[in-house]
Amino acid sequence: MSEAIYHFLDVLFGPFIMKYHPIWVITVAGAIIGGFYTLIYYFFTDVEKQKKIQKLSKELQKEMREAQKSGDEKKLRKVQQKQMELMKMQSEVMKQTMIPMLITLPLFWVFFGWLRRWYVEVGIAKLPFNFFLFDWFHKMYHSNLPPDQLGYLGWYFLTSYAVGMILRKLLDMG
């Protein structure tokens, strides 16, 4: 089945891959997939509830520090009770965040399995010096690329992260 999907992707995106430099192909893929994931996350999660939980968490941390400094056991137990309630709310939100992951993870696996066939040992970005993060990516994925080059997966992560962060700011997701 994966060969049929890969063939479909070859027909659909093959001309783009053959025509453009790998850095452009991976940048566009990172932007599209990063943006897609961010939008799925935005529409399937309660962003306002997440902001509220973050605010409550910061307030509770402050209250906990104050209660610990003062040594007030009653106040400390009260804060611990609030923390338990906060943990229940965080659990609900965590369940919500699983939906976008379940939608996007299979797409990610298929798409990057396919991209691997085109770019497995291709240096996408090259620096004039060795960069420890590039080498870290290579070790993680057992790549033979030199430490001054970044492969498709590393470049994808950088571009999709940048696009995701920009979109999150534009959508006021925190």
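**Structural briefing**

Phe111 is buried, because its relative accessible area is 15%, a value under the 20% cut-off for that class. The model is predicted. Phe111 belongs to helix α4, and its C-alpha atom is separated by 12 Å from that of Ile32, a residue 79 positions away along the chain.

**Largest pocket**

- The volume of the largest pocket is about 860 Å³.
- Its lining comprises 31 residues, and those nearest the centre of the largest pocket are Ile33, Gly34, Tyr37, Phe108 and Tyr156.
- Two or more lining residues of the largest pocket come from each of α1 (2-19), α2, α4 and α6 (152-170).
- Helix α2 is the greatest contributor to the lining of the largest pocket, with ten residues.
- By residue class, the lining of the largest pocket consists of 25 nonpolar residues, five polar residues and one charged residue.

**Second largest pocket**

- The second largest pocket has a volume of about 270 Å³.
- This second largest pocket is lined by 16 residues, and Arg116, Val120, Tyr141, Tyr152 and Leu153 are the closest to its centre.
- At least two residues of the lining of the second largest pocket are supplied by each of α4, α5 (132-140) and α6.
- The lining of the second largest pocket divides into nine nonpolar, five polar and two charged residues.

**Nonpolar surface patch**

- A nonpolar patch on the surface is formed by Phe36, Leu39, Phe43, Phe44, Ile99, Ile103 and Leu107, which together have about 640 Å² of accessible area.
- The elements that contribute two or more residues to the nonpolar patch are α2 (22-44) and α4 (73-119).
- Helix α2 gives the most to the nonpolar patch, namely four residues.
- Ile103, one of the patch residues, is located in helix α4.
- Ile103 counts as partly exposed because its relative accessibility is 31%, and that class lies between the cut-offs of 20% and 50%.

**Salt bridges around Arg117**

- Six salt bridges are found in a search of the whole structure.
- One of them joins the side chains of Arg117 and Glu3, with an N to O distance of 3.5 Å.
- That pair links distant parts of the chain, since Arg117 is in helix α4 and Glu3 is in helix α1, 114 residues apart.
- Arg117 has a relative accessibility of 43% and therefore counts as partly exposed.
- The side chain of Arg117 also meets that of Asp10 in a salt bridge, at 3.7 Å from N to O.
- Because Arg117 lies in helix α4 and Asp10 in helix α1, this pair ties together parts of the chain that are 107 residues apart in sequence.
- Asp10 counts as partly exposed, because its relative accessibility is 23%.

- Asp172 and Lys51 form a salt bridge in which the closest N and O atoms are 2.9 Å apart.
- Asp172 is in the segment after α6 and Lys51 is in helix α3 (residues 47-70), so this pair ties together parts that are 121 residues apart in sequence.
- Lys51 counts as partly exposed because its relative accessibility is 22%.

**A buried glycine in a loop**

- Gly151 is located in the loop between β2 (149-150) and α6.
- Gly151 is buried, because its relative accessible area is 12%.
- Gly151 and Glu63 are separated by 88 residues in sequence and by 46 Å in space, taken from C-alpha to C-alpha.

Terms used:
Residues are numbered from 1 along each chain as its sequence is written. This is a predicted model: local features need pLDDT of at least 70, side-chain atom pairs count only at pLDDT 80 or more; totals for chains, interfaces and linings use all residues. Side-chain values use heavy atoms; hydrogens and water are left out. Patches are made of residues with over 30% relative accessible area and no salt bridge: like charges are joined within 9 Å, nonpolar side chains (Val, Leu, Ile, Met, Phe, Trp, Tyr) within 5 Å. Accessible areas come from the Shrake-Rupley method with a 1.4 Å probe; for residues, only the protein chains shown count as cover. A salt bridge is a side-chain nitrogen of Lys or Arg within 4 Å of a carboxyl oxygen of Asp or Glu. Buried means under 20% relative accessible area, exposed over 50%, partly exposed in between (1.4 Å probe, protein chains only). On a 1 Å grid over the protein atoms alone, a cavity is a set of points where a 1.4 Å probe fits but cannot get out, and a pocket is an open set with protein on both sides within 12 Å along at least five of seven lines; lining residues have an atom within 4 Å of a point. Grid points are joined across faces, edges and corners, and a volume is the space filled by probe spheres set on the points. Ala, Val, Leu, Ile, Met, Phe, Trp, Tyr, Cys and Pro count as nonpolar, Asp, Glu, Lys and Arg as charged, and the others, Gly among them, as polar.
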